[in-house]
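Open the model in your viewer and keep the selection panel at hand. The tour goes stop by stop, each with something to select and something to look for.

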Amino acid sequence: MKIAVCIKRVADSETRVKVAADGKSLDDAGVKFILNPYDEFAVEEALQRKEKAGTGEVVVLALGGATSQETIRTALAMGADRGILLQTDRIPADGFVTAQAIAAELKAGGPWDLVLFGKMAIDDYNSQVGPMVAELLDLPCVTAVSHLTVEAGTATAEREIEGAVEVVQCPVPAVITTDKGINEPRYPALKGIMAAKKKPLEVKPVSLGGGAIEVVEMTPPPARKEGKIVGEGAAAVPELVKLLREEAKVL
Amino acid sequence: MTTVLAVCEQRDGALRKVSSEVVTGARRIADGLGAEVEALVLASGPVGGADQLGGFGADRVLTLTADGFGTYAPEGYAAAVAGRARGGAAVVVCSASAQGKDLAPRIAAKLGTGLAADLTDVMVEGGVLMAIRPVYAGKALLKVKVTGSPAVLSLRPNVFTPVQRPKAGAASTAAAGVPAGRVTVKEIKAAEAGALDVAEAPIVISGGRGLKEPANFKILEDLAHAFGGRAAVGASRAVVDAGWRPHADQVGQTGKTVSPTLYIAIGISGAIQHLAGMRTSKVIVAINKDKDAPIFKVADYGVVGDLFEIVPVLTAAVKSHA
Amino acid sequence: MKPSQYQAPLPLDRLILKAGSGGAGDSMELDVCIVGGGPAGLACAIELARLGKQDGTELNIGVLEKAEALGEHNLSGAVVNPRALRELFPDLKDSDFPFRRAVDKEAVYMLTGGRELRIPTPPTMQNHGNYIASICELVRWLGGKAEELGVNVFTGFPAASLLVEGNRVAGVRTEAAGLDREGKPTSSYSAPNDLRARVTALAEGTRGTLSQAYCKWQSVGSENPQIFALGVKEIWETKKPLEQIIHTLGWPLPTDAFGGSFCYPLEPNLVALGIVVGLDYRDSNLDIHVLLQRLKLHPLFKEYLEGGELVEWGAKTIPEGGYYALPARRSGDGVVILGDAAGFVDVPSLKGIHYALQSGMYAARAIFEALKSGEPTREKLATYDRLVNDSYIIQDMKKTRNMRLAFKDGFYVGGVKAGLMTLTGGRLFGGKIEMHSDAEAERTAASSDSPGTPGSHPGLVVSKVDAVFKSGNSTRDTIPSHLIVGKDITKEVADFYSHICPAGVYEQVDGQLRVNPPNCVDCKATDVLGPRWTPREGGSGPKYKRM
């Protein structure tokens, strides 16, 4: 069982977001960076599958700056066998550029029984590198999977859709992106943290093209508007629903 | 003339509401570019509502059919849309719905270009396509220039309010001419009730002491149900401490935050520890009989009055719009 | 009311375990186990690793840190004396250290409710040559240095018990994770781990639980009991730049409390503001968090803060007993006690970070020699005490040995005495001033001078719950309580606890004490005066970033 897990170093969700001096990116002063939580599910899934198979290798792959090595070490501490960092000084705004670099690396290091991603990164909310890599590698792909079984060369996955759950099947090898619910990620154990230091971590510099998406500016969201009392009693409900639908646009 | 493709969605042979949003967004772009909108529907046969898309600004509506297109067929859909886009589309617009989040990246990759995902606004400035996308859980907005040819976009659901903008909307049907692919939907199961975690749900409906007794949370569950699988029921600390609701449902205290799109606080006065846990919600609605309750200070919309009267009416109204 | 009457005893049965006791999951062997990844622990780790490298001896060094990431449980002013860092990194320049800026301008003010009077800066408070820093940033930087040298830094692992063999400390047991409110394992349960070590270095920081347990267990006394102050601190992004460091005395403290405030610009528009009050204050209604809120409304600070934004909040105690409160020995069989845990803080100069670093280095040297010569016995590790005793740490602390203690009789008498001590280098009033522990100080609810809550100044004044939010605390609500409350808590005592705790852990509701353990930011104030603090699931508590 040879499994690749593609992970990303991201700003903690508790981060107070401040725009950097360039007006286009996050000011990372005082920001804590973590392994993307959705990627933790992917790492855990890979580990469980390898443990179940009794044999195999879990390889974690990240694209990012030198500090992403720390993030890879976290996955190694959880139990992954080795890591690869595609080192670049900036993460492209265009997920396809990232996907191309990752696909090239996976192609060179394959074949894989499974390629896992988190369903999205909590920083850029792109939800795209996983399925793009699948296209580039011509592998079947199921995204945002909250339950997964693999039997006799067929993956059966559940993914949440609006108001329902889709049960999807595809042959393996495949690309799966993981959602909450698929498993309960383990905390690195003391022994795992020790062992992680000695596991191989290969750093490969990559140079990336510009892509089709360019950040023009980053701005804070508009300030919260003053609230209002819509009315009293049940009679106010139609107005409330109208406001939620037309002004707040949440219905 | 250049074309903007609007990739619509159907379920069980009927168009989904996001389709009109996608057409609305596509129309806005097409107007900026001086282009036409072609609404694209992928199905195994005729789809109810496809003839309505002209009303939102579709110049043409093309239904591409294939065996296995009745339910979402990721690979077949992506191949069909990409094939159509290669015929000269300048822009491909999808929804960032559950399906669109899966489909749009595949289309972009097939076309060898990037995807501007989960957009909350699009505009054409000096002939250049620009878009706004929230990042860092909505704590910042990115303005991006999309230069792909074609440009591939996905629009955040519920943001692009459908606008009536009548165009011809001439409907036609053609064979997609592609296989459905290796990934197939076997079944669509109704979501388990209450399966959503309050921390994850896009809509959270929380109750407090104002509900008077544990059994009355039923009316909150009914409201949650009216939102389909998107809403979870939360509770204030007072109610959890009283043993009315399980601890897992507690919103607030200790900086444990929820940031749903919509937070409805019902019978909650708004103790500060509760507010600390939910004030980053996108839209906050408060229903409380005490007009001086602190919850109204953070609420975007407040209704003062008896929750036992108000909530059932709200539930009915939501149901009728779902 | 005397707080000690209501305080539960230190739970020695939990804190001191026979090595080999059941209940642990993994077990691991280390040469040196350092409890606490702050300045003292990391300096010790760095120096040890370096000594090992120079000597060609491979040492297995582990640092246990209870916070989820390094620095997240560290809080200080901070104006740092660079002396110890220069010794720890002889090849680096001051500009290589993670300091924010050198202190160039400073001022000390005596405050009244609406005015301030600038007073000459006392010699002990002169900071020329020192640097403004965030201890969180300093600690993260030190952690990187330690890891480069091969030190294992285990974040998210609190040490819960000392493992002992006879009188020897043989390692520690970590706290379990993933328990529910009733203490039963959940699906994410992970068992405690035993770390067996030849030497255990207790660098737990202020009011260290295992350090207390060790001293109690081995009957290591001190001439005076240790006393503490509580500091509550906020970081503000300001509209108006601040160019100097400020210290204040007087208002809003009552005259029978010892303390003052500090205000340091990390950047011209990023300001650290805090208040520090000795926990021997007499008014049981005194609330240090509220005093800080009130302080912000003083014209001296308000003009900077108004229109700005509170970005972080935190609290921590400070050992203030000084020279006479140091444990008679800070070393024993297989164990040393470092930094704040030992009480190395000089109150008149408001400094302890360089002592923590320095004590860590001395401990490393003593440990290294002891390990090389065989068993790290009490006799061998006593080298550490000798190194400290002969150093500037003790010299400094001796000079100011009575300065804080002079204030036990109130601010004005104390001020005069302290001034005379400074002038005479500590010789006047040179005999030991007797002190009782903070919990022995009688409290009365002062009816006239109750601080109450400052008026509503939206944007400037924050409630305790909002403050906890700003500490980054996102401890899960379902952890079992780590706080041990004494018996027969009266309404008066419950009120007292609710005022001591800056994080709203304690509330008095209908005459009863209500405890909200997840709010706890590990400041240890009630461990001094009331409910005991014990270690809890790793990664709980605050997540300080630039404190």
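What follows is a short walk through a predicted model.

**Stop 1: chain A as a whole.** Select chain A and colour by secondary structure. Along the principal axes, the C-alpha atoms fill a box of roughly 65 × 45 × 40 Å. Of the 251 residues in chain A, 52% are buried. Take contacts in chain A between residues at least 6 apart in sequence: 69% of them join residues at least 24 apart.

**Stop 2: where chain A touches chain B.** Show both chains. The contact involves 71 residues from chain A and 69 residues from chain B. On the chain A side, several elements each supply at least two residues, including helix H3 (95-109), strand S7 (141-151), strand S8 (154-161) and helix H6 (237-247). Which element of chain A gives the most to this side? Select S9(A): it contributes eight residues. Then colour the chain A side by class. It has 41 nonpolar, 14 polar and 16 charged residues.

**Stop 3: a strand pair across the two chains.** Select S13(A) together with strand S18 (residues 301-304) of chain B. Four bridges join them, and the two strands run parallel. To locate one bridge, pick A:Lys228; its partner in S18(B) is B:Tyr301.

**Stop 4: C:Met28.** Move to chain C and select strand S2 (residues 27-35), where C:Met28 lies. Is C:Met28 buried or exposed? C:Met28 is buried, because 20 other C-beta atoms lie within 10 Å, and the cut-off for buried is 20 or more. Next, show its contacts, leaving aside neighbours within four places in sequence. They are A:Leu190, A:Lys191, C:Asn193 and C:Leu195. For a distance check, pick C:Glu375, 347 residues away along the chain: its C-alpha atom is 19 Å from that of C:Met28.

**Stop 5: two helices of chain C.** Select helix H9 (residues 353-372) and helix H10 (residues 378-389) of chain C. They pack at an angle of about 150°, with their axes 8 Å apart. Angles over 145 degrees count as roughly antiparallel, and H9(C) and H10(C) are therefore roughly antiparallel to each other. H9(C) passes H10(C) in a right-handed crossing. Show side chains at the contact. From H9(C), look for residues including C:Tyr362, C:Ala366 and C:Ala370; from H10(C), among others, C:Leu381, C:Tyr384 and C:Val388. By class, the contact residues comprise nine nonpolar, two polar and three charged.

Terms used: Residues are numbered from 1 along each chain as its sequence is written. Chains are lettered from A and ligands numbered from 1 in the order in which they are written. This is a predicted model: local features need pLDDT of at least 70, side-chain atom pairs count only at pLDDT 80 or more; totals for chains, interfaces and linings use all residues. A residue is buried if 20 or more other C-beta atoms lie within 10 Å of its own, exposed if 12 or fewer, and partly exposed in between; C-beta atoms are placed from the backbone. Two residues are in contact if their C-beta atoms, placed from the backbone, lie within 7 Å. Ala, Val, Leu, Ile, Met, Phe, Trp, Tyr, Cys and Pro count as nonpolar, Asp, Glu, Lys and Arg as charged, and the others, Gly among them, as polar. Two strands pair if DSSP finds at least two bridges between them. Axes are lines fitted to C-alpha atoms, for helices over the stretch in contact, and angles run from 0 to 180 degrees between N-to-C directions. Angles under 35 degrees count as roughly parallel, over 145 as roughly antiparallel, 65 to 115 as roughly perpendicular and the rest as oblique. A crossing is left-handed if the near helix is turned anticlockwise from the far one by less than a right angle, and right-handed if clockwise.
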